[in-house]
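Welcome, and please take a moment to look over the model below. We will then walk through its parts together.

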Amino acid sequence: MQGIDIVCDNVKAIKKNFPQWTPEQQLKGAISAYNARPKNVRSNDKMDIGTTKNDYSNDVIARAQCLERKGFGN
C-alpha cells in the first residue's frame, strides 16, 4: 500500500510538472520518479536517466505486461 501511495503522489507531481504529457507518459514518469524522485524526471525522452540501469520505467512496464499475459491482475 505504501508503494501505491508513493506512485499516486508521483503521478500528481508529474501531472503538475508536465501537464502536456499524455496520461501514459505521466504514468511512465511517475514510475520513473518512484526510483529517482519526481524532481529528477526532466523530459519524456530521457526520463529514466539516473534510474536503475537507466531503464527503470520501461523495465517495470515490461514486467507488468508479462504478468498480465500470464493471467495476473485479472
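Which residues in helix 2 meet which residues in helix 3? On the helix 2 side they are Lys28, Ile31, Ser32, Tyr34 and Asn35, and their partners in helix 3 are Tyr56, Ser57, Asn58, Val60 and Ile61. Contact here means heavy atoms within 4.5 Å. Helices (H or I, at least four residues) are DSSP runs, numbered from the N terminus.

Before going on, a word on how to read the values. This is a predicted model, in which local features need pLDDT of at least 70 and side-chain atom pairs count only at pLDDT 80 or more, while totals for chains, interfaces and linings use all residues. Residues are numbered from 1 along each chain as its sequence is written, and side-chain values use heavy atoms, with hydrogens and water left out.

## Helix 1 and its two sides

Helix 1 runs over residues 2-17. With 16 residues at 1.5 Å a residue, helix 1 should span 22 Å, and its end C-alpha atoms are 23 Å apart, which agrees. The expected span is 1.5 Å times one less than the number of residues.

Asn10, Val11 and Ile14 are the buried residues of helix 1. They cover an arc of only 110° around the axis, which puts them on the same side of helix 1. That arc is taken from the directions from the helix axis to the C-beta atoms. Turned away from this buried side is a face of helix 1 with the exposed residues Gln2, Lys12 and Lys16. As for the terms, buried means under 20% relative accessible area, exposed means over 50%, and partly exposed lies in between (1.4 Å probe, protein chains only).

What do the buried residues of helix 1 pack against? Their partner is helix 2, residues 23-36. In this contact, Gly3, Ile6, Val7, Asn10, Val11, Ile14 and Lys15 of helix 1 meet Gln26, Leu27, Gly29, Ala30, Ala33 and Tyr34 of helix 2.

## Helix 2 and its two partners

Helix 2 has 14 residues and reaches 19 Å from its first C-alpha to its last, close to the 20 Å expected at 1.5 Å a residue. Its buried residues are Gln26, Gly29, Ala30, Ile31, Ser32, Ala33 and Ala36, and they pack against helix 1 and helix 3.

Two packed helices are described by the angle between their axes and the distance between the axes. The axes are lines fitted to C-alpha atoms, for helices over the stretch in contact, and angles run from 0 to 180 degrees between N-to-C directions. Here are the two pairs:

| Helix pair | Angle | Axis distance |
|---|---|---|
| Helix 1 and helix 2 | about 125° | 8 Å |
| Helix 2 and helix 3 | about 115° | 8 Å |

Helix 1 and helix 2 are therefore oblique to each other, while helix 2 and helix 3 are roughly perpendicular. Angles under 35 degrees count as roughly parallel, over 145 as roughly antiparallel, 65 to 115 as roughly perpendicular and the rest as oblique. The crossing of helix 1 and helix 2 is right-handed, and the crossing of helix 2 and helix 3 is right-handed too. A crossing is right-handed if the near helix is turned clockwise from the far one by less than a right angle, and left-handed if anticlockwise.

Most residues other than glycine have a negative phi. Arg37 counts as exposed, at 59% relative accessibility. Asn54 lies in the loop between helix 2 and helix 3, and its phi is also positive, near 55°. At 44% relative accessibility, Asn54 counts as partly exposed.

Leaving aside neighbours within four places in sequence, Thr51 is in contact with Ser32, Asn35, Ala36 and Tyr56. Thr51 and Cys66 are 15 residues apart in sequence, and their C-alpha atoms are 21 Å apart in space.

## Helix 3

Helix 3 covers residues 56-69 and has 14 residues, reaching 20 Å from its first C-alpha to its last. Ser57 belongs to helix 3 and counts as buried at 0% relative accessibility. Not counting residues up to four places away in sequence, Ser57 touches Lys28, Ile31, Ser32, Met47 and Asp48. Just after helix 3, Gly71 takes a positive phi of about 100°.
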